[in-house]
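I opened this notebook to keep track of what I looked up in one protein model. Each entry covers one topic.

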Amino acid sequence: HTTPSEMVELKFHCCMPMFVARQWIRHRTANVNEYSGRYSLMPMLFYTPPAEQFQKQSRRNNQGRSGEAVDTALYAEALAHWDRIREASRGAYEWMTGEDIARELARIDLPLSTYTQWYWKIDLHNLLHFLTLRVDPHAQWEIQAFGEVMAGMLKRVAPLSYEAWIDYDVSGAKLSRMELAALRTLVTVEDGGIVSD
């Protein structure tokens, strides 16, 4: 039964680039109260991936990176492009808000690298499901970093649940019907226990 885990709720104050937030919000199992750019001025904070994470498109995974950082000259060129885009976006945003243009309009050209923040309340059962997907090596690196930090926080708050999650979800293996059938031919079970031959 998962109901005991559904009674435990955790609340996180998270700050992340908008592109991570859009991926994160796909998990519709939490209560979210996001900072609103309609009511408040957006902080002009922008995410820049570290050099080792600036990689070409994977040839095998349409939604992932190749695993190999590009040369430093290409990274430097990307930084220059980002700086120009961000400076133009920041300038337009600050000009419009300075002219008292509605904040909901002033923000429309801010890049996805702009940071947002929210309070995220979720029960333990759904948090474990979220973490299973987001600490997986196939998840986007940026959201993996959040998942790893949150898993570390969970370990301090609910150590037994954390250990069970590691044992059964992260390090456990699921077997197919055919794999179970093959195991049954190798093992004899009597009275709920394995009998060695």
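Entry 1, salt bridges. Before searching I wrote down the term: a salt bridge is a side-chain nitrogen of Lys or Arg within 4 Å of a carboxyl oxygen of Asp or Glu. I also noted that the model is predicted. Searching the whole structure, I found five salt bridges.

The side chains of E34 and R22 form a salt bridge, with 3.4 Å from N to O. This pair links distant parts of the chain, with E34 in strand 2 (residues 30–34) and R22 in helix 2 (residues 18–24), 12 residues apart. I then checked how open the two residues are. E34 has a relative accessible area of 29% and is partly exposed. R22 is at 38% and also counts as partly exposed.

Next I took R65 and E142, whose side chains meet in a salt bridge at 2.5 Å, N to O. Here too the pair links distant parts of the chain: R65 is in strand 4 and E142 in helix 6, 77 residues apart. Are R65 and E142 buried or exposed, or in between? R65 is partly exposed, at 28% relative accessible area. E142 counts as buried because its relative accessibility is 5%, and buried means under 20%.

R90 counts as partly exposed at 22% relative accessibility, and E87 counts as partly exposed at 47%.

R65 was already in my notes for its salt bridge with E142. Which elements each supply at least two residues of this lining? They are strand 3 (55–57), strand 4 (65–69) and helix 6 (141–157). I sorted the lining by class and wrote down five nonpolar, 12 polar and five charged residues.

How many cavities of 30 Å³ or more does the structure hold? I found one. The volume of the largest cavity is about 40 Å³. Two elements give two or more residues to its lining, helix 3 (72–98) and helix 4 (103–106). Helix 3 gives the most, with four residues. I listed the lining as S89, A92, Y93, M96, L105, A106, I108, D109 and L110. By class, seven of these are nonpolar, one is polar and one is charged.

I looked up V187 separately and found it in the loop between helix 8 and strand 6 (188–190). V187 is partly exposed, with a relative accessible area of 34%. Patch residues need over 30% relative accessible area, so V187 at 34% passes that cut-off.

Technical notes:
Residues numbered from 1 in each chain as written. Predicted model: local features only at pLDDT ≥ 70, side-chain atom pairs only at ≥ 80, totals over all residues. Heavy atoms only, no water. Nonpolar A, V, L, I, M, F, W, Y, C, P; charged D, E, K, R; others polar. Buried < 20%, exposed > 50% of the residue type's maximum accessible area, 1.4 Å probe, protein only. 1 Å grid on protein atoms, 1.4 Å probe; cavity = no way out; pocket = protein on both sides within 12 Å on 5 of 7 lines; lining within 4 Å. Points joined across faces, edges and corners; volume = space filled by probe spheres on them.
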